[in-house]
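Student: I am new to this structure and would like a close look at one part of it. Please pick a spot and walk me through what surrounds it.

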Amino acid sequence: MLRSILLSAALSACALCLASWSIETDRSTEHTHGLFEIREEARRFISHENAKGQEQWDVLEPNLKTLVPRCAVPLETQWTPKSLGRSKLSVMVICTVAVPNSVMRRWDVHVPVERKPN
C-alpha cells in the first residue's frame, strides 16, 4: 500500500514538471539550443516570406522531443526541400557548426507551417 502511495506521489510530481514545460521556457543554454530560439528563427523567415505578399503563413511548434546541441554560428533558414519527403510544408532551421560535442557536428530542425486563413 505504501509503495502505491509513493508511486502515485512520484507520478503526480512528474506530471506537474511536464505541465510547466513549454517552448516558451525551452531557451538555449551553454550546451543545448532551445526550441524557443529555433521557432523564433523560423518566424523571422516566415515574416520575410509573408512580406513578399503572395501566400501568407503561420509558424507552428517544432517537435517538442527535439534536443540539439548549441549552434556555434548564426542559424540559417530555408523552405524544407520537397526531396526530403516531408508530407507537410515546413521551414528548415539549420546549424552548420554545433559547439563541440560527442553527438553531432551540424543539425537541422523542421518547423511546420500552415497557411493563414483568409
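Tutor: Let's begin with Phe-45, which is buried at a relative accessible area of 12%. Here buried means under 20% relative accessible area, exposed means over 50%, and partly exposed lies in between, using a 1.4 Å probe and protein chains only. Keep in mind that this is a predicted model, in which local features need pLDDT of at least 70, side-chain atom pairs count only at pLDDT 80 or more, and totals for chains, interfaces and linings use all residues. Residues are numbered from 1 along each chain as its sequence is written, and side-chain values use heavy atoms, with hydrogens and water left out.

What does the ring of Phe-45 pair with? The whole structure has two aromatic pairs, and one of them brings Phe-45 together with Trp-79: the ring centres are 5.4 Å apart and the planes stand at 80 degrees, so this pair is edge-to-face. (Rings of Phe, Tyr and Trp, the latter by its six-membered ring, pair if their centres lie within 6.5 Å; planes under 30 degrees apart are stacked, over 60 edge-to-face, and the rest tilted.) Phe-45 sits in helix H2, residues 35-51, while Trp-79 belongs to strand E4, residues 76-79, so the pair ties together parts 34 residues apart in sequence. Helices (H or I, at least four residues) and strands (E, at least two) are DSSP runs, numbered from the N terminus.

Trp-79 itself is partly exposed, at 25% relative accessibility. Trp-79 also makes an edge-to-face pair with Trp-57, at 5.6 Å centre to centre and 65 degrees between the planes. Because Trp-57 lies in strand E2, residues 57-59, and Trp-79 in strand E4, this pair ties together parts 22 residues apart in sequence. Trp-57 is buried, with a relative accessible area of 9%. Put together, ring pairs link Phe-45, Trp-57 and Trp-79 into a cluster.

Now stay with helix H2, but turn to charged side chains. Arg-39 and Glu-24 meet in a salt bridge, 2.8 Å from N to O. Glu-24 is in the loop between helix H1 (2-20) and strand E1 (32-33) and Arg-39 is in helix H2, so this contact ties together parts 15 residues apart in sequence. A salt bridge here is a side-chain nitrogen of Lys or Arg within 4 Å of a carboxyl oxygen of Asp or Glu. Arg-39 is buried at 2% relative accessible area, whereas Glu-24 is partly exposed at 41%.

Also in helix H2, Glu-40 and Arg-43 are three residues apart, or about one helical turn. Their side chains form a salt bridge of 2.9 Å, N to O, and Arg-43 is partly exposed at 36% relative accessibility. Glu-24, Arg-39, Glu-40, Arg-43 and Glu-61 are linked in a network of salt bridges. The structure holds seven salt bridges. Among them is one between Lys-52 and Glu-49, with the closest N and O atoms 3.0 Å apart; Lys-52 is exposed at 55% relative accessibility, while Glu-49 is buried at 17%.

To place this part in the whole, the protein chain has two helices and six strands, running α-β-α-β-β-β-β-β from the N terminus. Of its 118 residues, 30% are buried.
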